[in-house]
Amino acid sequence: MSKCNITKKKIDAFMTFGKMPLANGFLKKIDFKKEKFYNLDVGFNEKISLFQVLGVPKFSNTVYKNYPFFTNKSVYMIRHFKKCAKWIKNNFLDFKSNLIEIGSNDGTMIKNFNNSSINAIGVDPAPNVVSFARKNGVKTYNIFFNSKNIYKLKKYYKSTKVIYAANVFCHIKDLIDVIKCVDYLLSSDGYFIFEEPYLGSMYKNISYDQLYDEHIYMFSASSILRIFQLYDFELIDIQSQITHGGSVRYIISRKNKNLIKKNVNKFLKYEDLNNISNIEGCLKFKNDCEMSRELILNKIKKLKKKNKSICGYAATAKSTTVLNYCGVGNELIECIYDTSEEKIGKYSPGMHIPILPMKDFKKSNFDYAYLFAWNHKKEIFGKEKKFKKKGGKWLCHVKI
Ligand code: DWN
């Protein structure tokens, strides 16, 4: 059970994924004994239709000391943010507008404003990614975006035309605090634009691996509408995105400043019809996850009985949930190949599967590769055609 800071309501867990380490807690052998765990329980706040991870441990913030995820690891995501920057510039910004990105990571998005009149700045808590961004000419504040630190941004008080965030709003436990900070910075005609993995897509794909200590909320139009209504903001538009297996971009403005696009109602109706706005959807999801776990485990075990070799492809944060929920260790998946220097040479959180450099994947001869970055399948299948040609097969709990 956990208390929601928006409605003060006590939320019960409708399902648990069991004992879980930090999703990005890739570690050295020497640190195995120090590894910390929590129970990955999930609940649904019916008052605001909010799907959430309960009891996220305080120690989850420690991962930002040396965050192992860099946005620029995906060529597709670099392109996505370039397009997004252009769309924001054309639709919401004026000459010399201020733009702030929350959770700007390595600066992939903000970099697109480098040679323009727009004053674009990033905010990110991880010193290692911030240092990378700064080297790329991206002005970045190395702070957590919260009311304790907001005075550091006082020169943007009520004068920021766009506050943008991608895959960040769902990371911050105290949503009220974020909204207060947005209110502090946003101009009277400003927009808060953010995109997040979509609850409806998670249900459809049975991609329960979107849930972990960093992904505390799985949003929908229904939840976003209800949350922002409480704080004098409103949801004025909503757009589907194909990123991360199905995301949604939400556009928020101060109340009564803009017309509300028809899309918003369309989404709300769709969510009511498909049990995305109520607890019914959660109960089906629970069943689906349990079946998915059984199916993939049986499949892996059958392959191992036939002496097939299996490796993992991409040590994603999501892989931590799959491996720990399904109890898959290196007796089943021998190693995971990845492109991130911060992960290579370490072991996967909880199940301790070794992480090897991606360049060695090409030289390897595995029969199967478990695609943990299923959300980047187009990009990955494009560059790994040889694996299939050699007779290799892809494996995943999500339909690929
Ligand atoms: O919200 C979040 C998102 C956006 O990114 C974070 N909480 C953490 C992270 O989640 P993830 O690790 O599941 O993200 P990705 O983008 O699905 O996977 C990134 C990982 O995959 C990196 O370790 C790099 C690796 N990768 C690779 O080895 N080869 C990725 C691609 C595209 C590749 O071709």
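1. Start at the ligand. One of its nitrogen atoms lies 2.7 Å from a polar side-chain atom of Glu214. This is a polar contact, a pair of N or O atoms within 3.5 Å; within protein, one must be able to donate a hydrogen and the other to accept it, and residues adjacent in sequence count only if both atoms are side-chain atoms. The side chain of His376 places an N or O atom 2.7 Å from an oxygen atom of the ligand. For Ser340, the distance from a side-chain N or O atom to a ligand oxygen atom is 3.1 Å. The ligand exposes 700 Å² when taken alone, and the protein buries 97% of that. Those areas come from the Shrake-Rupley method with a 1.4 Å probe; for residues, only the protein chains shown count as cover.

2. A word on the model. It is predicted: local features need pLDDT of at least 70, side-chain atom pairs count only at pLDDT 80 or more, and totals for chains, interfaces and linings use all residues.

3. Next, the shell around the ligand. The ligand is surrounded by 26 residues, where near means that a heavy atom of the residue lies within 4 Å. Glu214, Lys318, Lys343, His376 and Lys383 are the closest. By type, the shell holds 8 nonpolar, 11 polar and 7 charged residues. Here Ala, Val, Leu, Ile, Met, Phe, Trp, Tyr, Cys and Pro count as nonpolar, Asp, Glu, Lys and Arg as charged, and the others, Gly among them, as polar.

4. Which helices each supply at least two residues of the shell? They are H8 (317–326) and H10 (377–383). H10 gives the most, with 3 residues. Helices (H or I, at least four residues) and strands (E, at least two) are DSSP runs, numbered from the N terminus.

5. Asp106 deserves a look. It sits in the loop between strand S6 (98–102) and strand S7 (119–123). Asp106 is buried, yet it has no salt bridge. Buried means under 20% relative accessible area, exposed over 50%, and partly exposed in between (1.4 Å probe, protein chains only). A salt bridge needs a side-chain nitrogen of Lys or Arg within 4 Å of a carboxyl oxygen of Asp or Glu. For charge, Lys and Arg count as positive and Asp and Glu as negative; His and the chain ends are not counted.

6. What lies by the side chain of Asp106 instead? The backbone nitrogen of Asn72 is 2.9 Å from one of its polar atoms. The backbone nitrogen of Thr71 is 3.1 Å from a polar atom of the Asp106 side chain.

7. Now the salt bridges. The count comes to 13. One of them joins Asp94 to Lys161, with the closest N and O atoms 3.2 Å apart. This pair links distant parts of the chain, 67 residues apart: Asp94 is in the loop between helix H1 (75–92) and S6, and Lys161 is in strand S9 (residues 160–166). Lys161 is buried at 12% relative accessibility. Asp94 is partly exposed at 43%.

8. Lys161 has another partner. Its side chain meets that of Asp189 in a salt bridge, 4.0 Å from N to O. Again distant parts of the chain are linked: Lys161 in strand S9 and Asp189 in strand S10 (residues 186–197) are 28 residues apart. Asp189 is partly exposed, with a relative accessible area of 41%.

9. Asp232 is exposed, at 55% relative accessible area. Lys255 is partly exposed, at 32%.

10. Last, the backbone. Lys158 has a phi near 50 degrees, a positive value in a residue other than glycine. Lys158 is in the loop between strand S8 (140–141) and S9, and is partly exposed at 35% relative accessibility. His352 also has a positive phi, near 55 degrees, and is not glycine. Its loop runs between strand S15 (336–338) and strand S16 (355–357). Is His352 buried or exposed? His352 is buried, with a relative accessible area of 19%.

Definitions and conventions:
Residues are numbered from 1 along each chain as its sequence is written. Side-chain values use heavy atoms; hydrogens and water are left out.
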